[in-house]
Amino acid sequence: MSEPKTEAGGALGGAWAQARLSERDFERIARFIQDYAGIRLPPAKHLMVEGRVRKRLRELRIPAFEAYCDLVFGPDGADERLRLVDALTTNKTDFFREPDHFRFLAARAVPDRIQADGAGIRRPLTVWSAGCSTGEEPYTLVMVLLDAVVSRLPGFRFDVLATDLSTRVLEVARRAVYPEERIGPVPPEMRRRHLLRSRDPSRGLVRMAPHVRRRVRFRRLNLMEDPRFREPMDIVFCRNVMIYFERPIQAALLEKFWRVLAPGGYLFLGHSETLTGENDRFRPVAPTVYQRLP
Ligand SMILES: C[S@@+](CC[C@H](N)C(=O)[O-])C[C@H]1O[C@@H](n2cnc3c(N)ncnc32)[C@H](O)[C@@H]1O
């Protein structure tokens, strides 16, 4: 009996569906992503990697993982290596994720930066969302700064830079179109001011309004490299990114944040990412919020 036809094309469809990722190929992939992006893939992630890479096999109509690895790690594999990075990064995010951070930002961090350094008044306040995924975090930052700060201090200026390693999530972030159910955590007043509904309500989509989109500059940036910015950062959000890295890479990243932050600037980490042994560089000021020491 012949195999049923699939969108991948006949018998080939069956081949990728049944292919298995060998230990050797898993290790090739894990070594690459560790060296390139800092992301640790322990053997327990074997099945997850197999599932995610299988989608690439299907899209490329390649019947076996070994052939895929030969392509991706061969001389012509540069483009596919980007796709592999897209497939292996975990991009879960939300509007107003870990909402205490945004309350602290508006009530303590920004007023302190204004007072200590004239940030936002003498010069724009600078904010970096590092590992911004599909944009919910930087757009939340903009909405909070507009409503909690600019509405009271009309001359207040700020600049939000949002970066990620994955080109796929950056495309979604720039488009700024989200299914309606994702905006649940955004307070109704904010939705009215800063979100547009699609003309056809049956599509169930919303888009960040142009005045919010304009406020964010998106850029591809690998945190394994040395970020160089013209101005020091007043605020860095790097949440739920370091959990995927091993300790020495986390330590190197904290050193980079210390270098790009202005003295007295604030670092926000994810709620499971507590700083230990960095007491001479950062002081804790709230749960998983740190202030850069001179
Ligand atoms: C789980 S998401 C977190 C998103 C957002 N910060 C939040 O907390 O909701 C982690 C993001 O970090 C990005 N990432 C992982 N390794 C990276 C690296 N080496 N350089 C830059 N971004 C990286 C991933 O692509 C992913 O979008």
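**Close-up 1. Helices α6 and α7 in contact.** Phe102, Leu105, Ala106 and Val110 of α6 touch Glu137, Thr140, Leu141, Val144, Leu145, Ala148 and Val149 of α7 (contact means heavy atoms within 4.5 Å). Sorted by class, the residues of this contact are nine nonpolar, one polar and one charged; here Ala, Val, Leu, Ile, Met, Phe, Trp, Tyr, Cys and Pro count as nonpolar, Asp, Glu, Lys and Arg as charged, and the others, Gly among them, as polar. This is a predicted model, in which local features need pLDDT of at least 70, side-chain atom pairs count only at pLDDT 80 or more, and totals for chains, interfaces and linings use all residues. Residues are numbered from 1 along each chain as its sequence is written, and side-chain values use heavy atoms, with hydrogens and water left out.

**Close-up 2. How α6 and α7 cross.** The axes of α6 (residues 100-117) and α7 (residues 136-150) come within 10 Å and cross at roughly 50°, which makes α6 oblique to α7. Angles under 35 degrees count as roughly parallel, over 145 as roughly antiparallel, 65 to 115 as roughly perpendicular and the rest as oblique. Axes are lines fitted to C-alpha atoms, for helices over the stretch in contact, with angles from 0 to 180 degrees between N-to-C directions. The α6 and α7 crossing is right-handed, meaning that the near helix is turned clockwise from the far one by less than a right angle.

**Close-up 3. Helix α5 against α4.** With axes 8 Å apart, α4 (residues 65-72) and α5 (residues 78-88) pack at an angle of about 120°, so α4 is oblique to α5. Tyr68, Leu71 and Val72 of α4 make the contact with Glu80, Arg81 and Leu84 of α5. Its residues divide into four nonpolar, no polar and two charged.

**Close-up 4. Helix α5 against α2.** Here α2 (residues 23-37) packs on α5 at an angle of about 90°, their axes being 11 Å apart, so α2 is roughly perpendicular to α5. Ile29, Phe32, Ile33 and Tyr36 from α2 meet Arg81, Leu82, Leu84, Val85 and Leu88 from α5. This contact has eight nonpolar, no polar and one charged residues.

**Close-up 5. Around the ligand.** Surrounding the ligand are 21 residues, the closest being Ala37, Thr93, Gly131, Asp164 and Asn240; a residue is included if one of its heavy atoms lies within 4 Å. A polar side-chain atom of Asn240 is 2.8 Å from a ligand oxygen atom. An N or O atom in the Arg97 side chain lies 2.9 Å from an oxygen atom of the ligand, while a backbone N or O atom of Leu223 is 2.9 Å from a ligand nitrogen atom.

Technical notes:
Helices (H or I, at least four residues) and strands (E, at least two) are DSSP runs, numbered from the N terminus. A polar contact is a pair of N or O atoms within 3.5 Å; within protein, one must be able to donate a hydrogen and the other to accept it, and residues adjacent in sequence count only if both atoms are side-chain atoms.
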